[in-house]
Amino acid sequence: MSGSETGSDGGALGALAARLLDASVLERIGIGIASTALALLIGLVIAAAAGYDSIRFANQLLVGAFGSERAIARTLRSTTIFVMTGVAVAVAFRAGVFNIGVQGQFVVGGFSTVVSIVWLGAFVPSGAVGGIVLMLFGTAVGVVAGGLYGALPGVMKAYGDANEIITTIMLNFIATGFVGWLVAGPFGAPEATATRTRRLPESVGLPQVVFGDPNLSIVGILLMLGVVALIAVIMTRTRFGYDMVTSGYQDTAATYSGVDAKRMVISTMALSGMVAGLTGALFVIMIQGYYTDPSGIGNYGFDAIAVSLLAANNPVGVLPAGLLFGGLESAGSHVQINSDIPVQLIDGIVGLVVLFVAAPELFRMIAARTGLGGDAE
Amino acid sequence: MSGSEYLDAARLRLGGITLVVLAALAAVLALGFDVDLSRLITWGFVTRSLEMATPIALAAIGGLYAEKSGVFNIGLEGFMIIGAFTTAGTMFALGGTSPTQGHVWAAILVAVAVTTLLTVIFAVLLIRYKADQIVAGLAVWFVGLGFAPFAAALIWGSRSSPGLTNINELALGQSPLVFLTIVLVGVAWVFLYRTRYGYWIQAAGENPEALDTAGVDVNRVRYATVVFSGAMAGLGGAVLLAHAGNFVGTGSTMVDGRGWIAIVAYLFGNYNPVGAAAAALLFGALDMLNVQFQTVGIEVSARLVNLLPYVAVLVVLTAYGKTRIPAVVGEPYETEE
């Protein structure tokens with residue numbers, strides 16, 4: 001063991017660091033696929049150990065994700081949300097800011113959208129034009145609310161030196177608890193038996209073209225692609241994006257080149273929160289139609305961290321990673337109905353994916369040992 | 001040295017501010033709302049606060065040892081979930097829905113053993129394979145959030161367990177685990193500041209090259225502290241369960257952010273086990289205020305009062321974020337040959 005170690009570590013430390021930073025795109029894709037495959041494999045072994053038929057489970061995962069037109073629509077619906085929240089995470093992580101609070105920003109954005117549309121709905125005539133006005137207004141409110149909720153931990157970090165990992169996690173708990181209280185109390189629908197807000201007006205809804213699924217619209221998919229493109233352009237083609245990514249890699253270099261570190265942290269968090277808020281708005285307009293207790297809304301903002309990491313925080317890479325998670329989520333709802341395997345197994349598998357993505361050296365070692373890596377030194 | 005003196009002054013000032021705010025709050029409640037303060041702060045409140053504080057304090061001590069040695073273990077929350085679940089599962093396996101006190105103690109030991117084993121894997125990923133400490137720590141949380149409710153569903157057919165049993169009180173109405181925690185806090189302090197091994201831990205986080213030169217294997221020290229941190233978080237989860245008496249696996253599980261609060265507790269306590277325990281007690285008391293409010297008749301939604309610890313964490317971190325973080329936290333150590 002020590003023999004091979006001295007062999008591969010013979011080079012200078014700097015070379016290793018450089019290799020970590022400049023890991024080629026191909027290698028990243030390889031690590032992503034390997035992490036996912038290993039996590040799924042462990043999931044299947046656990047399913048078998050728990051007394052289930054793992055081949056059947058694997059088959060159900062596939063059928064549940066892509067097996068029918070309905071399954072595909074369900075997969076795409078979740079994919080739009082995972083990709084957009086994933087982009088929100090990627091923006092921040094690339095800038096070296098660990099925004100774990102996308103879930104909270106997503107909840108605050110979505111809830112604000114519902115409340116603002118319901119409020120304005122009383123003054124706007126029903127009809128297609130009224131609906132569009134309401135949607136644009138509600139989305140704008142959602143984006144601003146998400147952005148502000150994201151900027152808050154940015155301000156705390158910039159001026160109070162508060163670690164953003166912990167503040168954003170706390171803000172997630174606060175968003176869930178506070179919005180949950182608002183939905184149950186002040187903003188609860190009086191006529192509803194379940195805990196939820198009033199429904200959005202009939203005129204609010206996205207057109208159903210191409211897909212038959214009532215909760216999936218081509219507009220949502222286009223919005224997702226637009227956000228990916230916009231963020232990718234901002235990050236690679238603008239001064240702001242350049243400064244942001246430089247701050248992520250080497251903050252002292254960024255400071256020397258005249259970047260205001262405090263402002264950079266705040267604007268990064270605000271941008272990340274705005275994307276999360278936009279996702280929240282799309283979620284309520286396209287899928288839910290009202291707001292419920294956020295503790296039962298799904299962990300999109302948390303899984304988004306896994307999506308972004310799997311994509312090496314690259315906004316374009318988030319597309320396939322988001323599709324994987326959309327597929328897993330869709331498969332989860334299939335498994336829940338058609339199998340007695342507890343669906344939480346899939347959440348555990350997601351956790352394993354993240355764990356393996358965090359340790360690329362593990363796969364480099366495996367690749368080197370098995371000779372699959374080829375030229376890995 | 002002047003830096004740490006400055007920080008001590010800041011800490012005292014913050015402590016003073018906290019006391020003033022609490023006194024003002026008490027005055028407002030007593031005068032404005034006509035609340036009888038003696039009914040608000042009762043022996044039961046002290047007991048509940050201590051019970052709530054112990055899991056946080058235990059995880060915080062583990063976390064501060066790891067971070068002192070240069071490894072940021074943000075997986076505490078995940079290890080607490082695994083510890084709580086393992087305790088419930090073992091109790092159920094040994095004694096069904098009516099386990100004895102012996103079963104409770106056995107379950108706590110099993111939970112510590114299981115989390116210790118899992119942390120060994122985690123430590124290997126972090127130290128041997130230089131995994132990103134932040135991402136891997138988050139992954140532990142996700143793994144706990146997924147597999148604990150999964151296993152619960154396998155055993156009980158639901159993400160939560162049926163009622164099992166609580167640990168009996170030992171003296172003064174307190175559980176033996178509270179006393180155990182107090183002892184552990186003291187031992188952790190002595191070990192860290194008064195023994196050679198404690199100095200090794202501090203050196204591993206401040207100046208690993210010097211420690212290496214002195215002939216101590218830096219990574220072995222770090223393995224020890226990371227495994228210890230996982231074991232302590234597992235114990236924290238076990239204690240949480242032994243006090244609660246049943247496992248809850250819905251939402252963010254019964255641990256519900258306490259592992260994260262533990263991290264803040266040791267930051268607030270400036271990596272000092274006694275300070276971390278004091279901070280844990282503050283958060284534990286805030287967590288239990290809603291029960292007090294109800295008994296006194298203050299009409300506030302429990303859900304809102306439950307947010308108080310999280311808000312307190314935000315205020316504490318922002319007012320007082322500049323902790324003296326060990327010099328090389330997060331950096332893998334490479335021996336130079």
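These notes go through a predicted model, chain by chain and contact by contact.

1. Chain B, overall. Chain B contains 14 helices and zero strands. Of the 337 residues in chain B, 49% are buried. Among contacts in chain B with a separation of 6 or more, 79% join residues 24 or more positions apart.

2. Helix 11 of chain B. How many residues of helix 11 (residues 258–268) of chain B are buried? Eleven of the eleven are, so this helix is largely enclosed by the rest of the structure. The buried residues of helix 11 include B:R258, B:G259 and B:W260 at one end of the list, and B:Y266, B:L267 and B:F268 at the other. Their cover includes helix 3 (43–68), helix 4 (76–95), helix 10 (218–244), helix 12 (273–296) and helix 14 (308–319) of chain B, together with helix 8 of chain A. After helix 11 of chain B comes B:N270, with a positive phi near 50°.

3. One residue of that helix. B:A265 is among the buried residues of helix 11 of chain B. Which residues does B:A265 contact, leaving aside its neighbours within four places in sequence? They are B:I56, B:A60, B:A276, B:A279, B:A280 and B:F283.

4. The largest nonpolar core. This core has 223 residues. Those with the most contacts inside it come from both chains: A:V87 and A:V354, and B:A60, B:I61, B:A84, B:V264 and B:A265. Helix 12 (residues 261–288) of chain A gives the most to this core, with 16 residues. Domain 1 (23–52 + 342–377) and domain 2 (69–340) of chain A both supply residues to the core, so it lies between them.

5. Helix 3 against helix 7 in chain B. The axes of helix 3 and helix 7 (residues 176–194) of chain B come within 10 Å and cross at roughly 30°. The crossing is left-handed. On helix 3 of chain B the contact is made by B:L50, B:E51, B:T54, B:A57, B:L58 and B:I61. On helix 7 of chain B it is made by B:L177, B:V178, B:T181, B:L184, B:V185 and B:A188. By class, the residues of this contact are nine nonpolar, two polar and one charged. B:I61, part of this contact, is also listed among the core residues with the most contacts.

6. Domains of chain A. The domain assignment gives chain A two ranges to compare: domain 1 (23–52 + 342–377) and domain 2 (69–340). Taken over C-alpha atoms, the centres of these domains are 27 Å apart. Nine residues of domain 1 are in contact with eleven residues of domain 2. On the domain 1 side, helix 3 (25–49) and helix 15 of chain A each give two or more residues. Helix 15 of chain A has the largest share, five residues. This side has six nonpolar, two polar and one charged residues.

7. Chain A against chain B. The contact takes 37 residues from chain A and 40 residues from chain B. On the chain A side, the elements giving two or more residues are helix 7 (128–160), helix 8 (164–184), helix 13 (300–310), helix 15 (344–357) and helix 16 (360–370). Which helix of chain A gives the most to this side? Helix 8 does, with eleven residues. The chain A side divides into 25 nonpolar, nine polar and three charged residues.

Note on methods. Residues are numbered from 1 along each chain as its sequence is written. Chains are lettered from A and ligands numbered from 1 in the order in which they are written. This is a predicted model: local features need pLDDT of at least 70, side-chain atom pairs count only at pLDDT 80 or more; totals for chains, interfaces and linings use all residues. A nonpolar core is a set of buried Ala, Val, Leu, Ile, Met, Phe, Trp, Tyr and Cys residues joined through C-beta atoms within 7 Å. A residue is buried if 20 or more other C-beta atoms lie within 10 Å of its own, exposed if 12 or fewer, and partly exposed in between; C-beta atoms are placed from the backbone. Helices (H or I, at least four residues) and strands (E, at least two) are DSSP runs, numbered from the N terminus. Domain bounds come from an automatic or database domain assignment. Two residues are in contact if their C-beta atoms, placed from the backbone, lie within 7 Å. Ala, Val, Leu, Ile, Met, Phe, Trp, Tyr, Cys and Pro count as nonpolar, Asp, Glu, Lys and Arg as charged, and the others, Gly among them, as polar. Axes are lines fitted to C-alpha atoms, for helices over the stretch in contact, and angles run from 0 to 180 degrees between N-to-C directions. A crossing is left-handed if the near helix is turned anticlockwise from the far one by less than a right angle, and right-handed if clockwise.
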